[in-house]
Amino acid sequence: MLNSSFWRYPIIETAGYFSVVVLCLVVSMALFEVVTKYKNWEEIKNGNVAVALATGGKILGICNIFRFSIARHSTLSEMIGWGLFGFTLLIVAYFLFEFMTPRFKVDQEIENDNRSVGFISFTISVGLSFVIGASIA
């Protein structure tokens, strides 16, 4: 049986947080894939810069939320719970962005490689991740 102090070594703790956040990131990106009307990775493979920007913003936003969650919460379960709650708020923000732009459909514009919309999507994801992260901390 391992000594409980084993888990307190910074290298072990860092590897644990890293592993859990990567897993949460994969799950989060899979959920975003379901929510968007286009296939993120297929569009990126085909050179769609708008999708790459929007997806990059989501990845950066999710990682930023988990950064705040790691910094604030002392247990792994709290970190995961608050991080996933923050991710849920980021999904809500995604739907609000679509709702607040009635003149065009965000997903359709991003799928059509409208880089302006992709950049705004990137900025919203990253910007709101700071607000969400500060609030869960």
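User: At which residues does UniProt place the feature "transmembrane region"?

Analyst: The model is predicted: local features need pLDDT of at least 70, side-chain atom pairs count only at pLDDT 80 or more, and totals for chains, interfaces and linings use all residues. Residues are numbered from 1 along each chain as its sequence is written, and side-chain values use heavy atoms, with hydrogens and water left out. UniProt positions follow the numbering used here, feature names are shortened, and annotations may be inferred rather than shown by experiment. The unreviewed UniProt entry places "transmembrane region" at residues 15-35, 47-67, 79-97 and 117-136.

User: How far apart are the end C-alpha atoms of residues 15-35, and of residues 47-67?

Analyst: Helices (H or I, at least four residues) and strands (E, at least two) are DSSP runs, numbered from the N terminus. Residues 15-35 are 100% helix and 0% strand, with end C-alpha atoms 30 Å apart. Residues 47-67 are 90% helix and 0% strand, and their end C-alpha atoms lie 30 Å apart.

User: Which pattern does the protein chain follow along the sequence?

Analyst: The protein chain has six helices and zero strands. Its C-alpha trace spans about 60 × 30 × 20 Å along the principal axes. Read along the sequence, the pattern is α-α-α-α-α-α.

User: What share of contacts between residues at least 6 apart in sequence joins residues at least 24 apart?

Analyst: Start with burial: buried means under 20% relative accessible area, exposed over 50%, partly exposed in between (1.4 Å probe, protein chains only). Of the 137 residues, 36% count as buried. A contact means heavy atoms within 4.5 Å. Among contacts between residues at least 6 apart in sequence, the share joining residues at least 24 apart is 68%.

User: What covers the buried residues of helix 1?

Analyst: The expected span of a helix is 1.5 Å times one less than its number of residues. Helix 1 has 26 residues and should span 38 Å; its end C-alpha atoms are 37 Å apart, which agrees. Its buried residues include Tyr-17, Cys-24, Phe-32 and Glu-33. The cover includes helix 2 (40-45), helix 3 and helix 4.

User: Against which helices do the buried residues of helix 4 pack?

Analyst: Helix 4 has 24 residues and reaches 35 Å from its first C-alpha to its last, close to the 34 Å expected. Among its buried residues are Gly-83, Gly-86, Phe-87 and Tyr-94. They pack against helix 1, helix 3, helix 5 and helix 6.

User: Which residues do ring pairs link into a cluster?

Analyst: Rings of Phe, Tyr and Trp (its six-membered ring) pair if their centres lie within 6.5 Å; planes under 30 degrees apart count as stacked, over 60 as edge-to-face and the rest as tilted. By this rule the count comes to six aromatic pairs. Phe-32 and Tyr-94 are edge-to-face, at 6.0 Å centre to centre and 75 degrees between the planes. The cluster is Phe-32, Phe-87, Tyr-94 and Phe-95.

User: How many residues apart are Phe-32 and Tyr-94, and why do both count as buried?

Analyst: Phe-32 counts as buried because its relative accessibility is 1%. Tyr-94 is buried because its relative accessible area is 9%. The pair links distant parts of the chain, Phe-32 in helix 1 (residues 10-35) and Tyr-94 in helix 4 (residues 76-99), and the separation is 62 residues.

User: What is the relative accessible area of Phe-95?

Analyst: Tyr-94 and Phe-95 form an edge-to-face pair, 5.7 Å centre to centre with 70 degrees between the planes. Phe-95 is partly exposed, at 46%.

User: Against which helices do the buried residues of helix 6 pack?

Analyst: The 22 residues of helix 6 (residues 115-136) should span 32 Å; the end C-alpha atoms are 31 Å apart, which agrees. Buried residues of helix 6 include Val-117, Gly-118, Ser-121 and Ser-125. They pack against helix 3 (49-72), helix 4 and helix 5 (106-111).

User: Is Val-131 buried or exposed?

Analyst: Val-131 lies in helix 6. Its relative accessible area is 53%, so Val-131 is exposed.

User: Where is Asp-113 found?

Analyst: Phi of Asp-113 is near 65 degrees, a positive value in a residue other than glycine. Most residues other than glycine have a negative phi. At 24% relative accessibility, Asp-113 counts as partly exposed. Asp-113 is found in the loop between helix 5 and helix 6.
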